[in-house]
Amino acid sequence: MNADAKKRYKDIEFPFTCPISNRTFETPQGLSCYVTKTLKTNHEEYYDVYINHRDNTCFFCGSKGKFISISKGYRNLCESVECVKKSFNSHSVQGFMYRNMCSKEEAERFFKLENERQLNKRLKTQSELRRVDTLWDKKRSRNCKEFWIEKGHSEAEAVLKSKEVMNDIHSKTSIKLKANPEKYASKYPTKKEYYLSKGFNEKEAAQKISEIQNRFSLKKCIEKYGKEDGEVVFVKRQEKWQQSLVDNGNVKGGYSKISQVLFYQILEQYNKRDINNVFFWTKNREYFLKKDSYIYLYDFCDIKKKKIIEYNGDQYHANPKIYEKNDTPHPYHKDKNWTAEKIWEKDASKIELAKSSGFEVLTIWDSEYRKNPQQTIEKCIKFINE
Ligand SMILES: [Zn+2]
C-alpha cells in the first residue's frame, strides 16, 4: 500500500463518542472492542448507522466498496477482479485518478508530461546510439544489408535478402498504384495529371514531362546505381515512360515483334564498340524526334551513322504494292475514313522529319522480310554501312 492509497481508508476522528451510550473512545481498538463485546453488533452495520462519514461506493463500478474496519470504513473499491485490476493499471487515467485521488484533468496532465518525458528519454538514447554506431538506423531497416548481417547472415546473403525486401516493397507499391492510378497520378512529376493539377494545360504538361525525361540520362543512372544496375534501371525507365506515352495517346509509333528479330540479326553484324549507337525498342528504347507536341519513334536507329530503318506492317502502313490510295487497310483506326493516302502522308512527314535531322531512312515491309529474311538482313546491313 503506497502513501497515497492510504487516504482511501479515511480514519474517523478520535476521540469518538458513541451516540447510543455517550461513551467516549480514544482509540480504534477501544471502539472496536466496545462494539463487539458490549453492543454485540456487527461492525459494518454499526458503521453504516452511526458513522457513515464518507462515500462508500466503488470508484470504478459504483457498487458498494469493500468494508475495511470500523475506524476506517469502506474503501472506494469493490472486490470484483475487473475493478481491482483497473485500480492497479498504471497506464490508465482512471487508475491514476484512483490511486492518487486526483481529478481527471490532473491525471491527464500527468500522463501528457510523462509521455513527453519518456519520448525525450528514448530520443536521447537513440541519438546517443546513433553517435556511437553510425549504422544504427541501417541495422534496423529490413531493406538494408546491415540488418541481415546483424542477424548473422553473410554479406552476400544479406545483400540478396535486402534486395528481396526492396522488390517486395516496390511490387506492393506498384499494386497499390495500379489499383488506383487516378488517386496517385497527380503526385508524380512524370504524369501529366501532376501538371494539370498545378494549372498547366495538356500541351504544357507534355512539354514538362519530356523536359524531365531528358534530365534523366544514362550517365546519371550509372552514377547512382553503378555500371550494371544503372543500365538496367535506365532501360526499364525508358520502356515504362514510352509505354505511358503510348497509353496517353501522345506517341505516333509502336512496334511489331518480328521487327525485333530482324533488328537483333542486324545487330549481330556490329562491332562491340558500335553497339551502343543502336536503338530499338527491346534493346534499349526507340530513338525519337519531336515535332510540335508529338514524339515520333523510329523503329531502328544508328545515331552515329545517322541511319534509320522503319519496319512497316503492310496493313497499318498501307503497302502501296498492295493498296490503292482510297483503300482503308488499317484494321482498327478510330477514323473510319483512314485511307491509304492519309497513311502515306503521315509516314512521309515522319520520314521527312528524320531527313531534316540528318538521317537517311530505309523502309522495310513486313511481307518483304517474311518472304526473304536473309536477303532483307543483307539489304539492311548494306544500307547501314554505305
Ligand atoms: Zn467495482
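Buried residues make up 16% of the 386 residues in the chain. Buried means that 20 or more other C-beta atoms lie within 10 Å of a residue's own; exposed means 12 or fewer, and partly exposed lies in between, with C-beta atoms placed from the backbone. This is a predicted model: local features need pLDDT of at least 70, side-chain atom pairs count only at pLDDT 80 or more, and totals for chains, interfaces and linings use all residues. Residues are numbered from 1 along each chain as its sequence is written.

**Overall make-up**
- The chain has 17 helices and 11 strands. Both are DSSP runs numbered from the N terminus: helices are H or I with at least four residues, strands are E with at least two.

**Around strand 10**
- Strand 9 (residues 300-302) pairs with strand 10 in the antiparallel sense, over 3 bridges. Two strands pair if DSSP finds at least two bridges between them.
- Cys301 stands opposite Ile308 of strand 10.
- Strands 9 and 10 form a hairpin with 4 residues between them. Lys306, in the turn, has a positive phi of about 55 degrees.
- Tyr311 has Ile364 of strand 11 as its bridge partner.
- Strand 10, helix 15 (residues 340-356) and strand 11 make a right-handed β-α-β unit. Right-handed means that, with the strands pointing away from the viewer, the path from the first strand over the helix to the second runs clockwise.

- Helix 4 (residues 81-88) and helix 5 (residues 93-100) pack at an angle of about 80 degrees, with their axes 7 Å apart. That makes helix 4 roughly perpendicular to helix 5, a term for angles of 65 to 115 degrees.
- Helix 4 makes the contact with Lys86, Ser87 and Phe88, and helix 5 with Gln94, Gly95, Tyr98 and Arg99. Residues are in contact if their C-beta atoms, placed from the backbone, lie within 7 Å.

**Backbone details in loops**
- The peptide bond from Phe14 to Pro15 is cis, with omega near -5 degrees. Pro15 is in the loop between helix 1 (3-6) and strand 1 (16-17).
- Lys40 has a positive phi, near 55 degrees. Lys40 is in the loop between helix 2 (28-39) and helix 3 (43-51), and is exposed, with 7 other C-beta atoms within 10 Å.
- Ala318 also has a positive phi, near 55 degrees. Ala318 is in the loop between strand 10 and helix 15, and is buried, with 25 other C-beta atoms within 10 Å.

Key:
Axes are lines fitted to C-alpha atoms, for helices over the stretch in contact, and angles run from 0 to 180 degrees between N-to-C directions. Angles under 35 degrees count as roughly parallel, over 145 as roughly antiparallel, 65 to 115 as roughly perpendicular and the rest as oblique. Two residues are in contact if their C-beta atoms, placed from the backbone, lie within 7 Å.
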